[in-house]
Amino acid sequence: MRTETDSMGKMEVPDNALYGASTQRAVLNFPISGQPMPAAFIKGLALVKWACARANADLELLDEKKAELICEAAEEIFRGKHVDQFPVDVFQTGSGTSTNMNMNEVLANLCSQAAGKPVGSKEPVHPNDDCNLGQSSNDIVPTSLHVSLALAIRDRLKPSLQELQKALAAKAEAFDDVVKIGRTHLMDATPLTMGQEFSGYAAQVAKAVRRCDKALEALQELAVGGTAVGTGLNCHPKFPGKVCALLEERTGIRFREADNHFEAQGGRDDAVEVAGYLSTIAASLNKMANDIRLLGSGPRSGLQELSLPATQPGSSIMPGKVNPVMSEMLVQASIYTQGMASIVASCGRDGHFELNVTIPLIARSLLDAVEVLSNGSRTFALRCVEGLEADREYCRQLVQRSLMLVTALNPHIGYDQAAKVAKKAFNEDKTLREVVLEMGLMEEEELDRALDPMSMIRS
């Protein structure tokens with residue numbers, strides 16, 4: 001152990017730690033879940049610190065050599081190094097001050113190492129005076145939330161959904177000639193093609209991709225520059241604009257200074273909005289995954305219109321059983337996401353006055369949801385959708401036996417007469433064709449044209 005000091009006095013810190021006294025206090029104060037802040041958030045915070053150091057140097061507020069050292073250290077963290085140096089629990093101070101100071105201390109100590117100074121010396125870079133120059137946890141942590149979440153959605157979730165949409169669209173094309181019976185209210189309805197059915201799933205995921213873009217738009221406003229309560233105390237007026245410009249240049253995302261800093265720090269409505277988009281995406285994926293596993297139910301007692309890829313044994317007691325495990329995985333991922341979205345809505349509601357103090361939990365919930373949805377979507381595309389096969393013959397048999405083809409007879413014999421035909425066919429276990437001809441309601445040639453399933457599937 002080594003002895004370090006902060007504004008509260010001395011603190012023993014592990015000798016191999018790159019963090020300092022403030023972080024160690026937080027580690028001791030919050031032994032709650034054992035879950036540190038997400039690595040994606042730490043990387044986003046490092047990127048924000050990089051931009052802040054660069055902006056301060058450009059404004060001649062920070063010595064260029066110090067700025068270079070901070071930027072080099074921040075770059076290392078952004079690239080994934082030193083992850084183990086961020087041990088503060090998610091359930092901590094609600095502003096994320098502990099994590100902000102964790103970052104400041106690690107940056108300062110990396111700078112000390114680079115300059116040949118002892119760790120903990122705060123030489124040549126000070127964690128507060130230099131790494132936190134022009135900043136407060138109250139504006140930097142919300143800024144890092146937006147930056148890290150925007151990167152995760154753009155680089156992880158959106159590509160995964162695009163991959164899933166592509167796989168579904170390919171199946172829609174492959175199944176375009178498979179005529180099957182439709183279902184509404186879980187009951188037989190009029191025919192459609194399996195391709196049309198899958199085009200609906202593909203369209204749902206295409207909309208999910210567009211919702212990612214809407215989420216990115218909601219995250220473009222950044223709180224940086226508001227400092228403690230939104231007034232910008234101790235912050236150069238040009239600082240937030242420079243930080244946003246540097247982040248946009250680095251990421252390609254059009255970050256900009258918040259229109260109103262009091263809203264940007266007092267509320268977390270943008271995070272709640274993003275949670276809503278993620279919840280909607282999850283609802284789409286859940287619906288699709290459930291449909292696919294139901295269409296593949298069987299193999300002899302279910303709908304069995306689809307053959308799902310066999311990925312693993314389905315039972316420890318029933319030999320040969322294969323279950324729709326990929327659908328089950330995606331359903332659980334979707335439920336989890338909606339649970340995280342509900343947490344974020346509660347967090348947004350429970351902010352008070354000039355600062356929302358649930359930001360670490362918001363960050364954990366949203367970044368977790370994005371990670372789970374990203375992995376779930378990509379895995380479902382690869383291990384389920386791409387391997388789906390249609391049971392064409394069984395689909396044809398179900399269409400031929402369906403009583404709802406009678407709907408096509410409405411223009412010819414009227415609704416009431418068609419209803420009688422359907423009931424008679426069901427009660428006597430006959431086909432619609434047999435009953436209509438027995439009752440003398442239509443000529444055979446006209447009847448065959450009317451009951452042709454291909455005439456009923458125009459989109």
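**Close-up views of a predicted model**

At 73% relative accessibility, Glu60 counts as exposed (exposed means over 50% relative accessible area, buried under 20%, and partly exposed in between, with a 1.4 Å probe and protein chains only). This is a predicted model in which local features need pLDDT of at least 70 and side-chain atom pairs count only at pLDDT 80 or more, while totals for chains, interfaces and linings use all residues. Residues are numbered from 1 along each chain as its sequence is written, and side-chain values use heavy atoms, with hydrogens and water left out.

**View A. Glu60 and Leu186 are residues other than glycine with positive phi.** Phi of Glu60 is near 60°, and this residue belongs to the loop between helix H2 (39-58) and helix H3 (64-78). Helices (H or I, at least four residues) and strands (E, at least two) are DSSP runs, numbered from the N terminus. For Leu186, phi is near 65°. Leu186 is placed in the loop between E3 and strand E4 (187-193) and counts as exposed, at 75% relative accessibility.

**View B. A salt bridge joins Lys180 and Glu197.** A salt bridge is a side-chain nitrogen of Lys or Arg within 4 Å of a carboxyl oxygen of Asp or Glu; by this rule the count comes to 26. Between the side chains of Lys180 and Glu197, the N to O distance is 2.8 Å. Lys180 lies in strand E3 (residues 179-184) and Glu197 in helix H6 (residues 194-218), so this pair ties together parts that are 17 residues apart in sequence. Lys180 is buried, at 0% relative accessibility, and Glu197 is also buried, at 18%.

**View C. Glu221 forms a salt bridge with Arg256.** The closest N and O atoms of the pair are 3.4 Å apart. Because Glu221 lies in strand E5 (residues 221-222) and Arg256 in strand E6 (residues 256-257), the contact ties together parts that are 35 residues apart in sequence. Glu221 counts as buried, at 17% relative accessibility, whereas Arg256 is partly exposed, at 35%.

View D. Lys287 is partly exposed, with a relative accessible area of 41%. Elsewhere, salt bridges that share partners join Lys180, Arg183, Glu197 and Glu305 into one network.
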